[in-house]
Amino acid sequence: MASLSLSTLSTTSLSSRPRLYSKTSATHRFKVSCNSNSSTDDNPKLILPMQNNNNVDRRNILLGLGGLYGAANLTNIGSALAYPITAPDNISSCVAATQGITDLGNAVRGTACCPPSSQTTPVPYVLPKFTQLRVRPAAHRLTPEYIEKYQEAIKAMKALPEDDPRSWKQQGKIHCAYCNGGYSQEMNGHPELKIQVHNSSLFFPFHRWYLYFYERILGSLINDPTFGLPYWNWDNPMGMMLPPMLETPYPSPIPNRPPNAKYNPLFDPYRNVAHLPPTILDLNYRGTESGTNILAGKVETGVHTAMHIWVGNPRMANNEDMGNFYSAGYDPAFYLHHSNVDRMWQIWKDLDTRNVDP
Ligand code: C2O
């Protein structure tokens with residue numbers, strides 16, 4: 001896979017080692033800490049797709065971390081595997097999502113996650129000539145102008161017809177199709193194996209490509225070829241809350257109505273209201289306010305999953321939106337979150353030349 005160099009890193013944290021930070025706030029019940037401690041390994045972990053005889057049920061992966069189905073038996077399973085898979089194309093069969101959705105009947109986002117059909121023959125994507133640099137800015141440092149530009153882009157995406165592959169809905173569905181059993185590995189001769197892009201080395205590249213196209217769509221919708229997707233800098237003390245722009249009031253489209261967060265294109269109705277700004281986030285969140293440490297280096301199973309569960313609404317049947325793979329792609333927070341996850345990948349490589357992709 002060609003590596004993309006578009007996720008330009010901000011100046012805020014590359015130059016320094018991962019920082020340690022701790023703060024106790026009277027208004028919040030837990031202590032914020034980025035410390036990591038490799039000597040304790042008692043957190044429930046989500047691991048693995050299929051490992052020979054160790055057939056771990058990888059459904060409900062995000063929910064599972066909340067301890068809803070005893071994940072304790074997963075703690076001794078080693079590092080993740082990634083069998084080579086072939087990406088599905090528009091000839092592959094795609095089926096409605098069934099995996100990882102505990103309460104199908106109350107799945108508010110719908111489980112028909114297959115892309116719109118196309119009559120054209122798929123052609124391998126060729127990276128266009130690199131002409132302009134896109135710089136991804138930290139969400140908490142955006143200027144009001146940038147926030148507005150980003151809101152306009154999302155608004156334009158939401159205004160596209162639903163069956164447009166660039167539309168809000170089609171983009172959101174991608175995560176569901178690749179993570180909740182939409183596709184199998186039939187192209188490798190294994191129709192019985194579902195494609196799952198998490199819990200293996202597919203995690204970083206899959207999401208990088210996902211953001212790559214998403215960012216280009218947004219930029220093209222506002223005619224800005226330099227548009228860079230903001231990243232939710234949850235590893236910086238200033239970024240340790242849900243980016244407020246996702247929740248700020250926005251002018252009502254209805255004349256004479258007061259501004260309302262609901263009309264903000266970045267607003268998502270399915271978020272944990274106990275975790276809205278200025279609540280300080282918990283990088284180790286597993287469904288309860290914890291304050292304990294996570295293992296070093298486990299970007300995906302650690303803070304990545306924690307932030308999904310922390311943002312999702314625990315009162316929804318499937319922890320929509322961010323708390324479940326099938327619905328996560330509908331919350332703008334998802335893309336800001338993964339923009340930071342993508343940044344972590346690059347930081348990891350920059351920290352040591354021995355850090356190379358498998
Ligand atoms: Cu595909 Cu954050 O998950």
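# Briefing: helices, core and disulfides of a predicted model

Helix α7 is largely enclosed by the rest of the structure, because 15 of its 20 residues are buried. The model is predicted. A search of the whole structure finds 2 disulfides, and the largest nonpolar core holds 57 residues.

**Helix α7**

- Helix α7 covers residues 332-351.
- The 20 residues of α7 should span 28 Å at 1.5 Å a residue, and the 29 Å between its end C-alpha atoms agrees with this.
- At the start of α7, Asp331 places a side-chain oxygen within 2.8 Å of the backbone nitrogen of Ala333.

**Helix α3**

- Helix α3 runs through residues 168-179.
- From its first C-alpha to its last, α3 reaches 18 Å, close to the 16 Å expected for its 12 residues at 1.5 Å a residue.
- Of these 12 residues, 10 are buried, so α3 is largely enclosed by the rest of the structure.
- The buried residues are Trp168, Gln170, Gln171, Gly172, Lys173, His175, Cys176, Ala177, Tyr178 and Cys179.
- The cover over the buried residues of α3 includes α2, α4, α6 and α7.
- Just after α3, Gly181 has a positive phi of about 85°.

**The largest nonpolar core**

- In soluble globular proteins, nonpolar side chains tend to be buried together.
- Among the 57 residues of the largest nonpolar core here, Tyr150, Leu218, Trp232, Trp234 and Met307 touch the most other members.
- Helix α4 gives the largest share, 7 residues.
- Leaving out residues up to four places away in sequence, Leu218 touches Tyr150, Ala153, Ile154, Met157, Phe227 and Leu229.

- A disulfide is a covalent bond between the sulfur atoms of two cysteines.
- Cys94 and Cys114 are 20 residues apart, and both lie in the loop between α1 (61-65) and α2 (144-159).
- The torsion about the S-S bond of Cys94 and Cys114 is about -95°, so this disulfide is left-handed.
- Cys94 has 22% relative accessibility and counts as partly exposed.
- Cys113 and Cys176 form a disulfide with sulfur atoms 1.9 Å apart.
- Cys113 is in the loop between α1 and α2, whereas Cys176 is in helix α3, so this pair ties together parts 63 residues apart in sequence.
- A torsion of about 70° about the S-S bond makes the disulfide of Cys113 and Cys176 right-handed.
- Cys113 and Cys176 are both buried.
- Counting bonded cysteines along the chain, the disulfides follow the pattern 1-3, 2-4.
- Cys179 takes part in no disulfide, and the nearest cysteine sulfur, that of Cys176, is 7.8 Å away.
- The cut-off for a disulfide is 2.5 Å between sulfur atoms.
- Cys179 has a relative accessible area of 3% and is buried.

**Ser167, in the loop between α2 and α3**

- Ser167 sits in the loop between α2 and α3.
- With 1% relative accessibility, Ser167 counts as buried.
- A polar atom of the Ser167 side chain lies 3.0 Å from the backbone oxygen of Glu162.
- Setting aside neighbours within four places in sequence, Ser167 is in contact with Met157, Leu160, Pro161 and Glu162.
- Met157 is also among the residues that Leu218 touches.

**Ser252, in the loop between α4 and α5**

- Ser252 is found in the loop between α4 and α5.
- Ser252 has 15% relative accessibility and counts as buried, because the cut-off for buried is under 20%.
- The side chain of Ser252 has a polar atom 3.0 Å from the backbone nitrogen of Ile254.
- Not counting residues up to four places away in sequence, Ser252 touches Arg257, Pro258, Pro259 and Tyr263.

Key. Residues numbered from 1 in each chain as written. Predicted model: local features only at pLDDT ≥ 70, side-chain atom pairs only at ≥ 80, totals over all residues. Heavy atoms only, no water. Helix = DSSP H or I, 4+ residues; strand = E, 2+ residues; numbered from the N terminus. Buried < 20%, exposed > 50% of the residue type's maximum accessible area, 1.4 Å probe, protein only. Polar contact = N/O pair within 3.5 Å; in protein donor to acceptor, adjacent residues only side chain to side chain. Contact = heavy atoms within 4.5 Å. Core = buried A, V, L, I, M, F, W, Y, C linked by side-chain atoms within 4.5 Å. Expected span 1.5 Å × (residues − 1).
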